[in-house]
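Grab a pencil and work through these exercises with the structure open beside you. Try each task before you read its solution.

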Amino acid sequence: MAEARGTSVAVAGAMQKSLLARLSSIAAFILFGATAAQAATLTLAWDANPEPVSGYILYWGSQSGQYTQSLDVGKTTSRSLNGLANNTPYYFIVRAYNSAGMLSAPSIEVSRRVGVPYATAADISGDLKTDLTVFRPANGTWYSWFSGSTTTWATQWGNGSDIPVAGDYDGDLRTDLAVFRPANGTWYFRYAKGTSSGIQWGNGLDKPVAGDYDGDGKTDVAVFRPTNGTWYVRNSSNGASVGTAWGNSADTPVPADYDGDGKTDIAVFRPGNGTWYVMYSNTGRSVGVQWGNAADVPVPGDYDGDGKADIAVFRPSNGTWYIVLSSTGASTGKQWGNASDIPVPGDYDGDGRTDVAVFRPSNGTWYITYSSGGQGGFQWGNGQDIPIKK
Ligand SMILES: [Ca+2]
Ligand SMILES: [Ca+2]
Ligand SMILES: [Ca+2]
Ligand SMILES: [Ca+2]
């Protein structure tokens, strides 16, 4: 029950606000996501068009921009769709029509994979808000402060030479503590439910790139091997091992769901030419997008809340975030942070949109600017800690 409630809230707020801000003449569009508990059903909702309308038409399909089905839902601003296929991505738009039969321009496209859990990054407590969490190498302890509460929590897991690789490995919508140990190429998991396990995957030269590559709602163990530019993924759904050559030794892996089909896409940022090379999981198509330069830190996230990761960089030299919004293609710049800060994008307010945020080692403070409005500063951690962002 908790899963269904939380997921709905997170997705809904995102769509509404992002659309209201930009598309005043088009129906704003929100989407209440399905979870494993309410499979094959989605509820879509949108704001009334400001001009007089006679009704609205929903369009959807399983490929971005290709809407194979539509439904005239009349003069209403929400609709539940039943009978959608589980483990299938759906892409939606909505248009208004008036008494003359004129159609409004389409809304932005929103997407959701049906019937799988959608965890929030670095959400230890499971309320679908990113929590403030640091891993302290000095004692191998994780310290978390749950967003919007006074609750704090600490658990020892890992040691000083481990790389934290938090994720929702069991698909219960709570982030599990996990470390990758370069010394033996082993991943050690401490699940939110209290159990633990380990698996050997990768070697000491590999970069861990955990993500949900097979789209079952559970984080998959994965490494990028710089020596041969190959990604080695272990699918959580069936244990299969998949190797994909993508990138070279100088690249920074930037896995995220850029096409919004619910599967993490293999992607690299190449500092030498400031180009992002993304392989879309839904179509197999690949693209190269020039965005950023060699000194920038890649910070992909879903800043506009349309279900697709946005290409983005943090530029330390001027403390500015440069983001390309996937919903419109528009780019934005936001000054937030300084050269010594560590960017920690996450959804701290739980509205389904990634918030711009930094961790400042010099004073152990998190500075967050919320997508839903307002800002916050929270002292949590110290200069030797590693802030957790996924
Ligand atoms: Ca998975
Ligand atoms: Ca994808
Ligand atoms: Ca997006
Ligand atoms: Ca947010």
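## Exercise 1: An open sheet

Tryptophan 187 sits across from isoleucine 199 in β14. Keep in mind that you're looking at a predicted model.

**Task.** Find out which strand pairs with β14 through five bridges, and in which sense the two run.

**Solution.** 
- Step 1: Go to residues 186-190, which make up strand β13. β13 and β14 are joined by five bridges and run antiparallel.
- Step 2: Now zoom out to the open sheet, where four strands follow the order β11-β12-β13-β14 with antiparallel pairing.
- Step 3: Look at the edges of that sheet, β11 (163-164) and β14 (196-200). Each has a single partner strand, so one side of each has no neighbour in the sheet.

## Exercise 2: Around the nonpolar core

**Task.** Name the residues of the largest nonpolar core that touch the most other members.

**Solution.** 
- Step 1: The largest nonpolar core holds 55 residues.
- Step 2: Those touching the most other members are Val165, Ala178, Trp187, Ala222, Ala267, Ala312 and Ala357.
- Step 3: Pick alanine 178 and skip residues up to four places away in sequence: its contacts are Val165, Ala166, Gly167, Tyr169, Trp187, Tyr188 and Phe189.

## Exercise 3: Valine 254

**Task.** Is valine 254 buried or exposed?

**Solution.** 
- Step 1: Find valine 254 in the loop between β19 (252-253) and β20 (266-270).
- Step 2: Count the other C-beta atoms within 10 Å of valine 254, and you get 23. A residue is buried at 20 or more, so valine 254 is buried.
- Step 3: Check its contacts, leaving out neighbours within four places in sequence: they are Ala267, Val268, Phe269, Trp276, Pro298 and Pro300.

## Exercise 4: Strand β24

**Task.** Work out which strands pair with β24 and why β24 is largely enclosed.

**Solution.** 
- Step 1: Strand β23 (residues 297-298) pairs with β24 in the antiparallel sense over two bridges. There, proline 298 has valine 313 of β24 as its bridge partner.
- Step 2: Strand β25 (residues 320-324) also runs antiparallel to β24, with five bridges joining them. Arginine 315 faces threonine 320 in β25.
- Step 3: β24 and β25 make a hairpin with four residues between the strands, where glycine 319 has a positive phi near 60°.
- Step 4: In β24 (residues 311-315), four of the five residues are buried, so the rest of the structure largely encloses this strand.

## Exercise 5: Two faces of β29

**Task.** Sort the side chains of strand β29 by the face they point to.

**Solution.** 
- Step 1: Recall that side chains in a regular strand alternate between the two faces of the sheet.
- Step 2: In β29 (residues 365-369), Trp366 and Ile368 point to one face and are buried.
- Step 3: Follow isoleucine 368 both ways: alanine 357 stands opposite it, and glycine 376 is its bridge partner in β30.

Technical notes:
Residues are numbered from 1 along each chain as its sequence is written. Chains are lettered from A and ligands numbered from 1 in the order in which they are written. This is a predicted model: local features need pLDDT of at least 70, side-chain atom pairs count only at pLDDT 80 or more; totals for chains, interfaces and linings use all residues. A residue is buried if 20 or more other C-beta atoms lie within 10 Å of its own, exposed if 12 or fewer, and partly exposed in between; C-beta atoms are placed from the backbone. Two residues are in contact if their C-beta atoms, placed from the backbone, lie within 7 Å. Two strands pair if DSSP finds at least two bridges between them. A nonpolar core is a set of buried Ala, Val, Leu, Ile, Met, Phe, Trp, Tyr and Cys residues joined through C-beta atoms within 7 Å.
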